[in-house]
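Please look over the sequence and the structure shown here before reading on. The report after it goes from the whole chain to single residues.

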Amino acid sequence: MSERDERRYVELSRESVKLMGESVGLELGDEISALLAEDVCYRLRETTQNGTQFMRHAKRRRLTVEDFNRALRWANVEPVCGYGAPDVLPFRSVKEGELFVVEDREVNLVELALATNIPKGCGQTVVRVQVSYLESKANEEPQGAGEYYSQSDPPG
């Protein structure tokens with residue numbers, strides 16, 4: 001098979017999995033990290049294939065973040081947060097190294113808190129009681145059916 005015909009897949013090394021585990025405080029053995037790396041590669045490939053199905057159904061030629069997120073939601077996995085925003089994020093470089101970060105904007109919490117509309121009056125709490133009996137006759141209505149109790153009118 002020529003190099004052009006060969007399909008390429010994501011490959012994650014066991015050393016990468018070990019480093020990721022150590023960064024969160026886990027010590028992983030070689031066998032466990034190899035199994036995790038294989039599973040991650042399989043799940044990425046599967047999710048990418050599902051994402052390309054969403055792309056094809058939308059009659060597009062470019063896979064978007066939203067296609068990938070739909071594939072993740074379809075597999076009952078949390079979507080990727082922070083990507084696919086309609087606005088372009090402005091990055092600036094840090095002087096100490098080759099690092100680019102997003103500028104954080106300042107938020108005035110006092111103005112935000114005072115600008116929030118707080119509901120003035122909450123509605124009354126109402127509880128509806130429905131009691132049914134297993135041995136009741138069809139033409140008799142069970143006792144207590146359709147009774148309403150409000151917060152100011154407790155049962156008694």
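The sections below describe a predicted model, beginning with the chain as a whole.

## The chain as a whole

The protein chain contains four helices and four strands. Going along the sequence, these elements come in the pattern α-α-α-β-β-α-β-β. A reader can trace this pattern in the structure by starting at the N terminus, from which helices and strands are numbered.

The chain has 156 residues, and buried residues make up 11% of them. The accessible surface comes to about 14600 Å², and 52% of that surface belongs to carbon and sulfur atoms.

Helix α2 covers residues 30–57, and T47 is placed in it. Is T47 buried or exposed? The relative accessible area of T47 is 11%. Buried means under 20%, so T47 counts as buried. A polar atom of the T47 side chain lies 2.8 Å from the backbone oxygen of R43. When neighbours within four places in sequence are set aside, T47 is in contact with F68, A71 and L72.

S33 is also found in helix α2. The relative accessible area of S33 is 0%, so this residue is buried. Which residues does S33 touch, not counting residues up to four places away in sequence? They are R14, V17, K18 and L28.

## Salt bridges

How many salt bridges does a search of the whole structure find? The search finds five.

Why are D67 and R70 separated by about one helical turn? They are three residues apart in helix α3, which covers residues 65–74, and so about one helical turn lies between them. Salt bridges that share partners join R60, D67 and R70 into one network.

D67 is buried, because its relative accessible area is 0%. R60 has a relative accessibility of 31% and therefore counts as partly exposed. R70, at 37% relative accessibility, counts as partly exposed.

R73 has a relative accessible area of 42%, so R73 is partly exposed. E66 is at 34% relative accessibility and counts as partly exposed.

Which residues make a nonpolar surface patch of about 200 Å²? The patch is made by V10, V40 and L44. V10 is found in the segment before α1, the helix that covers residues 14–23. With a relative accessibility of 44%, V10 counts as partly exposed.

## Two loop residues with positive phi

K59 has a positive phi of about 60 degrees although K59 is not a glycine. Where does K59 lie? This residue is in the loop between α2 and α3. The relative accessible area of K59 is 77%. Exposed means over 50%, so K59 counts as exposed.

N76 has a positive phi of about 60 degrees too, although N76 is not a glycine. N76 lies in the loop between α3 and β1, and β1 covers residues 91–94. At a relative accessible area of 73%, N76 is exposed.

## Points to check in the structure

The following residues can be found in the structure as a review. In helix α2, look for T47 and S33. T47 is buried, with a relative accessible area of 11%, and S33 is buried, with 0%. Last, look for K59 in the loop between α2 and α3, and for N76 in the loop between α3 and β1.

Note on methods
Residues numbered from 1 in each chain as written. Predicted model: local features only at pLDDT ≥ 70, side-chain atom pairs only at ≥ 80, totals over all residues. Heavy atoms only, no water. Buried < 20%, exposed > 50% of the residue type's maximum accessible area, 1.4 Å probe, protein only. Polar contact = N/O pair within 3.5 Å; in protein donor to acceptor, adjacent residues only side chain to side chain. Contact = heavy atoms within 4.5 Å. Salt bridge = Lys/Arg side-chain N within 4 Å of Asp/Glu carboxyl O. Patch = residues over 30% accessible without salt bridge, like charges linked within 9 Å, V, L, I, M, F, W, Y side chains within 5 Å. Areas by Shrake-Rupley, 256 points an atom, 1.4 Å probe, with all protein chains shown as cover.
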